[in-house]
Amino acid sequence: MRKNFKENIVVFGGTFDPIHMGHLAVVDYTLRNNIASCVMLVPSGVPPFKSNSVNLSKEERLYLCRLALIDYKNIYGSEYSDRVFINDYELNSPTYSYTSETIKHIKNTYMIEDKVNFIIGDDIVDELPKWHDAQYLKNNVRFILFNRSDNKENTIKNLIDDGYDFFRVLNPTFEFSSSCVRGQKMYDMLSPLVKEEYISILKQKGATFL
């Protein structure tokens, strides 16, 4: 699906292992508050910081993302559902999926001259200087910071002074995480179709549900 980047589109990348209601809440908050006109979900292929900890396969995570978009329409209504789409560029990469390479791909594909909007939680801002080709990201990305932490103000200020471009989102905290779904078996954090398929996948892998 090709979107016109003359619209205000934001990239929402992540492992999505699995995608959960918190992710959908971020998407809906972004659209309903006119932070962006469309949201591009980019499931990561082999994330360099999580190469040994991703539980679901690329195919499984992509399928769950597709189901999540159906759930999004069912939960939030159809008003914004056609403004969310998936880009599988990173899933098709045979090597590590670096955000810098994804941004380059998006800029080249859609002939973007301006910075690309990219959603992250403010709890990971201190990791940004460690990301691959951080200088390129600093020059070519406007980071849309969603509230997840109360103790990152000094880090954010220092990064702004260093040249990073941030837009702060004053969202309510979304108390969802993929790690809770996996580690604490909190499957109610998943949307209905995703929950059903995720549990089915786990059963196929021999998981127990005590």
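**Helix packing and cysteines**

Analyst: Helix α1 (residues 21-32) packs with helix α2 (residues 58-76) at an angle of about 60 degrees, their axes being 11 Å apart. Helices here are DSSP runs of H or I with at least four residues, numbered from the N terminus. Axes are lines fitted to C-alpha atoms over the stretch in contact, and angles run from 0 to 180 degrees between N-to-C directions. This is a predicted model, in which local features need pLDDT of at least 70 and side-chain atom pairs count only at pLDDT 80 or more, while totals for chains, interfaces and linings use all residues. Residues are numbered from 1 along each chain as its sequence is written, and side-chain values use heavy atoms, leaving out hydrogens and water.

User: Which residues in α1 and α2 meet?

Analyst: Contact means heavy atoms within 4.5 Å. On α1, M21, L24, A25, V27, D28, L31 and R32 meet A68, Y72, I75 and Y76 of α2.

User: How many disulfides does a search of the whole structure find?

Analyst: A disulfide is a pair of cysteine sulfur atoms within 2.5 Å. The search finds 0. The sulfur of C38 lies 17 Å from the closest cysteine sulfur, in C65, which is too far for a bond. C180 is likewise in no disulfide, the nearest cysteine sulfur, that of C65, being 19 Å away.

User: Is C38 buried or exposed?

Analyst: Buried means under 20% relative accessible area, exposed over 50%, and partly exposed in between, with a 1.4 Å probe and protein chains only. C38 is buried, at 3%, and C180 is buried, at 18%. K205, by contrast, is partly exposed, at 47%.

Methods: Helix = DSSP H or I, 4+ residues; strand = E, 2+ residues; numbered from the N terminus.
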